[in-house]
Amino acid sequence: MMPRITMDEVLRVAHLARLEFDDTEIEVFTYHLGEILDYIGKLNELDTTDVPPTSHVLPVCNVIKTDKAWDSYAREVVLENAPSAEEGHFKVPKVID
Amino acid sequence: MNSKYETVIGLEIHAELATESKLFCRCKVGFGAEANTQTCPICLGMPGVLPVLNERALEYTIRAALALNCEIPPYSKFDRKNYFYPDLPKGYQISQLHLPFSQNGYVEFDLERERKKVGITRVHLEEDAGKLVHTGVSNSSNMSYVDFNRSCIPLIEIVGEPDLRSPAEAIAYMRAVKEILEYVGVSHCNMEQGQLRADLNVSLRPRGSSEYGTRTEVKNMNSFRSILAALEYEVERQAQVLDSGGSVEQETLLFDEERGITMSMRNKEEAHDYRYFPEPDLVPFEIDATWVEQLRSDLPELPLQRRERLQREYGLSADDALALAATRQMADYYEACVSLSGQAKECANWVRGDLSALLNETGQTIELCRATPQHLADMLSLIQSGAISGKIAKTVLEKMFHTGRDAKSIVEAEGLTQISDEDQIAAIIDDVIDSHPGPADDVRNGRLKAIGFLVGQVMKATQGKANPRLVNELLRAKLLG
């Protein structure tokens, strides 16, 4: 049987999620993720021809708020959570755009 | 442009919606506030917070979609678009991929007297990102600075079909979309403030081919001038690549305004791996068809229809209609003037001419203009009755514009009433002839061009108040017998 997920795929997903693993970890995760996919794969045994796609697990629709503005948080409070801040801004390593 | 190739352009237009509060939280939407003073845990993407949709943003999205002739499906949901960038605090943007609020629309507009129709794939709703600041903050050479005031402002994305065949057509399309959004009042569309921006998809194909060539995407353009420049550059660049036997690479580009060139932006291997999935923090939406019909019937007359009606009802030229219906407020103002004065052509001339010039000079908008349609109509009736000349009316309009006083009281207070008394004018004409014997003789000897000079002198002597028609008649009578 084809493995459900390859090491390359795991590496790629890890890269997209900005996660770094060593070779052993990648091997372990590939194995674990494969097992999870096997388990979920059971669902494929069901005939879902007449079942509409589910886009949310809650049987609730149309949750909305009125368009009224409230006070925002004070800037000092907001910037307390910043890894680095200067002159009222969040400070991050230079990005070129 | 090389005529071997056909240009294919499609635009993705982003417009910020003119709501009071943000899309998923209660922070105020406003331009120009101090950095990071309009944020809260929701728009900063703190763990554990839950977004709730702003009902007006939903209504504006549907309204815009209807004005762009879209279908509104009965069921919609949001999706999560995953990517890392410092202006995106959650690490994902809440957007719509599958089941957007609208699809399959179109826009019609005229370009050089020709009717164009461009398909709209979809109009969907998403949150705006924060803003990266590279200048104006100290030490900005090594670091970037982030202002999250813009984070989570409601944004509609209008995805257009690749139906545009030239940069000029793309500009006309974008203008048409902007006008429509302004007419239906869902966005202020201030491009300098980034409220209206476009991504440009450009490709070339051999003329006659029905397959599309490889396209490039120029991101985040917010002025018509740079959109035109970027499109023209990109079309030329791709033509050269193809001419030299190369192939265009699919990539995301940025336009360098100063150098006038496009440049590759980010690693394309990653660029399109957004791993969309249904947004678990927001429940789906069932859109009530009765509500949609209500919104449809509440739509105002749209620019194209209004221009056609202005031409039909008032006998205006296409140029007049184009200018007067550029905004809904301008067209409303014009029609109010016509209904008060009954002078369609005169109103068009004054609104397009002197009034627009005054608005441009002062940077005012017509809806706040102190010279009201009633003022303008009164002024026109003073011209019609001969009480003031057209030339004096220019002064009157300027004073109405700056003071908000009505035409009649300005004319009376400033002594601007036209002089139509023949004896009074004849006396002034005698003075002018006496002091300018040369030109007077010229006229007597049949060199009629000189009459203009003499008329001018009479007008000058009366500060423009003499009735020009009478001056002309009397001068001719006196000199030519």
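This is a predicted model: local features need pLDDT of at least 70, side-chain atom pairs count only at pLDDT 80 or more; totals for chains, interfaces and linings use all residues.

User: Fine. Where does Pro300(B) lie?
Analyst: Pro300(B) is in the loop of chain B that runs between helix H5 (289–297) and helix H6 (303–314).

User: And what is Pro300(B) in contact with, leaving aside its neighbours within four places in sequence?
Analyst: Tyr183(B), Val184(B) and Arg328(B). As for Tyr92(B), 208 residues apart from Pro300(B) along the chain, the C-alpha atoms of the two are separated by 36 Å.

User: At what angle do H2 and H6 of chain B pack?
Analyst: About 90°, and the axes of H2 (residues 167–183) and H6(B) are 9 Å apart. Angles of 65 to 115 degrees count as roughly perpendicular, so that is what H2(B) and H6(B) are to each other.

User: Switching to H13(B) and H16(B): how do their axes cross?
Analyst: H13 (residues 422–435) and H16 (residues 468–480) of chain B have axes that come within 10 Å and cross at roughly 60°. The pair is therefore oblique.

User: Left-handed or right-handed?
Analyst: The crossing of H13(B) with H16(B) is right-handed. The residues in that contact are nine nonpolar, no polar and three charged.

User: Which residues meet there, between H13(B) and H16(B)?
Analyst: From H13(B), Glu422(B), Ile425(B), Ala426(B), Ile429(B), Asp430(B) and Ile433(B). Their partners in H16(B) are Leu470(B), Val471(B), Leu474(B), Leu475(B), Lys478(B) and Leu479(B).

User: What about the angle between H14(B) and H15(B)?
Analyst: H14 (residues 437–444) and H15 (residues 450–461) of chain B pack at about 135°, with their axes 8 Å apart. That makes H14(B) oblique to H15(B). The crossing here is left-handed.

User: Which residues make that contact?
Analyst: H14(B) brings Pro439(B), Ala440(B), Asp442(B) and Val443(B), while H15(B) brings Ala450(B), Ile451(B), Phe453(B) and Leu454(B). Sorted by class, the contact of H14(B) with H15(B) has seven nonpolar, no polar and one charged residues.

User: Last topic, the interface. How many residues of chain B are in contact with chain A?
Analyst: 59 residues of chain B, against 37 residues of chain A. The area buried between the two chains is about 4,500 Å², and carbon and sulfur atoms give 54% of it.

User: How many salt bridges across the interface of chain B and chain A?
Analyst: The rule finds four. Asp273(B) forms a salt bridge with Arg12(A), where the closest N and O atoms are 2.5 Å apart.

Conventions: Residues are numbered from 1 along each chain as its sequence is written. Chains are lettered from A and ligands numbered from 1 in the order in which they are written. Side-chain values use heavy atoms; hydrogens and water are left out. Axes are lines fitted to C-alpha atoms, for helices over the stretch in contact, and angles run from 0 to 180 degrees between N-to-C directions. Helices (H or I, at least four residues) and strands (E, at least two) are DSSP runs, numbered from the N terminus. Angles under 35 degrees count as roughly parallel, over 145 as roughly antiparallel, 65 to 115 as roughly perpendicular and the rest as oblique. A crossing is left-handed if the near helix is turned anticlockwise from the far one by less than a right angle, and right-handed if clockwise. Contact means heavy atoms within 4.5 Å. Ala, Val, Leu, Ile, Met, Phe, Trp, Tyr, Cys and Pro count as nonpolar, Asp, Glu, Lys and Arg as charged, and the others, Gly among them, as polar. Buried area is the accessible area (1.4 Å probe) that two parts lose on being put together, summed over both. A salt bridge is a side-chain nitrogen of Lys or Arg within 4 Å of a carboxyl oxygen of Asp or Glu.
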